[in-house]
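Please look through the structure below slowly, following the chain with your eye before you read on.

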Amino acid sequence: MNVDIALFAYLSDHQPDGKGGRHARTFDLPEGTKVADVIASWGLPDQPRIVFVNNRHAPETAELHKGDRLAIFPPIAGG
Amino acid sequence: MRELLFVDMSTLSIERKPLPEKWHRYGGRALTDAIVYDMVPPTADPLSQENVLVFAPGLLAGTTAPNAGRLSVGAKSPLTGGLKESNSGGQGGHALGKLKIAAIVVTGKPADPAARYMLTIEADGSAKLDRVDAWAGMKNYALADAIKALRPTDDRYSTITNGPAGEAGLKASGIAMSDMKGYPNRFAGRGGMGAVMGSKGLKAIVVSDKGLPYLEHADKEAFNAAMKRFSTALTTHPVSGTGLPTYGTNVLMNILNEAGGLPTRNFSSGHFDDVEGVSGEKQREVTLERGGNVKHGCHTGCVIQCSRYWVDKDGAYVTKGPEYETAWAFGTDCGISDMDVVAGLDRICGEYGLDTIEMGNTIAVYMDSGAIAFGDGPAAIKALKSIFEDGAPGKILGDGAEAVGMKFGVEHIPVVKHQAMPAYEPRAVQGIGVTYATSPQGADHTAGYTITANILGVGGTVDPLKTEGQADLSKNLQIATAMLDALGFCIFVAFPVLDIPDAFVAIFDMTAAHTGDAWDTDELMRLGRETLTFERLFNEGAGFTAADDRLPVWMKTVPLPPHNTVFEVTDADLDAVWDFVPETANAMGLR
């Protein structure tokens, strides 16, 4: 199933194509893939993350569906 | 031991008095509020001699407490009509702290409206007023240079300056403070404090702390131990230790966009397709390519170091690296995706002394009127400059978003208590809507920064799209923030403090060890509640009612894409935010 995945701030280094950048790429993932599975297989650093699926906060246990957009941020903040 | 420096601009006299015992536990915002409450009739005209302008460093200013050098500026606001505290970084806070000046209190008004004065405070504590009429209309960067030419070459001093916007009495004017390199690029931006400074004929304040040591503590060992724990919390928490130093505040642009809460084109959507050009990541990449600095603190003693400089294609300094609020206001809210345009607009505001949040909103509202097009960078620059050109229709722009919206018949004017909203959409982030509506400061994000739990997962999580928990979240953050503002801390210490309990303990340990007074959680929260109580009572006296603690009606009726939600926190929940005020006022002896 096709899922768009975008990584932000210093996480964008972990995009599999090695090209960095914040734009989403489309990936063909197995049915039933969870957010946590993507995090594990891409080797994201072990620290708190902020996860959005389709522009809403989602837990890492959330299951992804065809056409979803997944966006992950490292711990960031500002004012 | 701390003193008040009274500067009377009617008689041009300066007097030092001991800080009254009743204000012994106050600094920063608590002290500016207490003094304005005490001295200014709430119905006063903010540009008359009845208003006062107060500059107060925090309770820990002048010490080595990390991130404790912020400076509070207080007065009755010409923009909101309420009790304003405008908070800034820069070097002035610690300088005044080392001088043991609890506050500079500027009163009165010179008889001659053409007169301009500079107040100079030397390291030996002496203070004088000099007439500087030739500096009338001088912009902030030239002013900083003019002051430098007067100071000894080996001096150590900070500047607090008023640009042409303040001199013209514009409601969107702010006051510039010097950073560690002496650039006048830190700001007490919100609420028209520049206009108050201008009404008193005060063009500049220079504070020299050359040769002055850090202050002594009641218990030096206890202070140093607590300071180390606090510093460790700041540098090891991923937000204050990694995220902020790497990207600065503008790292927020992409996450608010992802959440659908990034106000775009005058709050007409929560998502900006062209966000990449004004994002924090892009800002960092371009700055590095051009050889600019991407990490420094805005004041001595900052260990977070979230500031940076923006440079042009040749690597020359243009302005302070635009903060998220500025990149949003002049970028996303105006439909502009070019950071060089944003930086140019920021530099203009820095020169003239204008609040970038208010001015970005003002340009966006002006665009919404059809006068110029969304996304037209050159037109935005021309409009901003037109404020200061004779005969231009743009002069009204300097009075802010509401004034422009009303004059040009714009339907959606994003203000509360006449002050324009910062970079978070209440319809998609309900918690910040509570803060915007209820804060005595008007629409203000730092006053009760619910983005922590609503978006960032700091200090817990509260779903931004639902109403549950938002009023309590805002209320508790407003109290805690007022407390941090009174101590002189940069509010970014809140990120580690919300997640690391010992960081909060370290705050009152430092405060107790420095002052010799008993401080604990209850005392800190009391400080926060008392600060807010001054503001609520003053505003009540100025004529504010519950009707002023509301968002614009259209935010309750017009759904915001992409989530297509409206603001739904009830009026009853908004009003309950202030349920602690009567009891606090009673305990303070004010009611």
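Is the crossing of α1(B) and α20(B) left-handed or right-handed? The crossing of these two helices is left-handed, a term used when the near helix is turned anticlockwise from the far one by less than a right angle, clockwise being right-handed. This is a predicted model, in which local features need pLDDT of at least 70 and side-chain atom pairs count only at pLDDT 80 or more, while totals for chains, interfaces and linings use all residues. Residues are numbered from 1 along each chain as its sequence is written, and chains are lettered from A and ligands numbered from 1 in the order in which they are written.

Helices (DSSP runs of H or I, at least four residues) and strands (E, at least two) are numbered from the N terminus. The axes of helix α1 (residues 28-39) and helix α20 (residues 521-541), both of chain B, come within 9 Å and cross at roughly 30°; axes are lines fitted to C-alpha atoms, for helices over the stretch in contact, and angles run from 0 to 180 degrees between N-to-C directions. Among the residues that meet here are B:Y37 of α1(B) and B:F534 of α20(B), contact meaning that C-beta atoms, placed from the backbone, lie within 7 Å.

Strand β7 (residues 117-121) of chain B pairs with β8(B) in the antiparallel sense over 5 bridges, and B:M118 stands opposite B:D130 in β8(B).

Conventions: Contact = placed C-beta atoms within 7 Å. Pairing = 2+ DSSP bridges.
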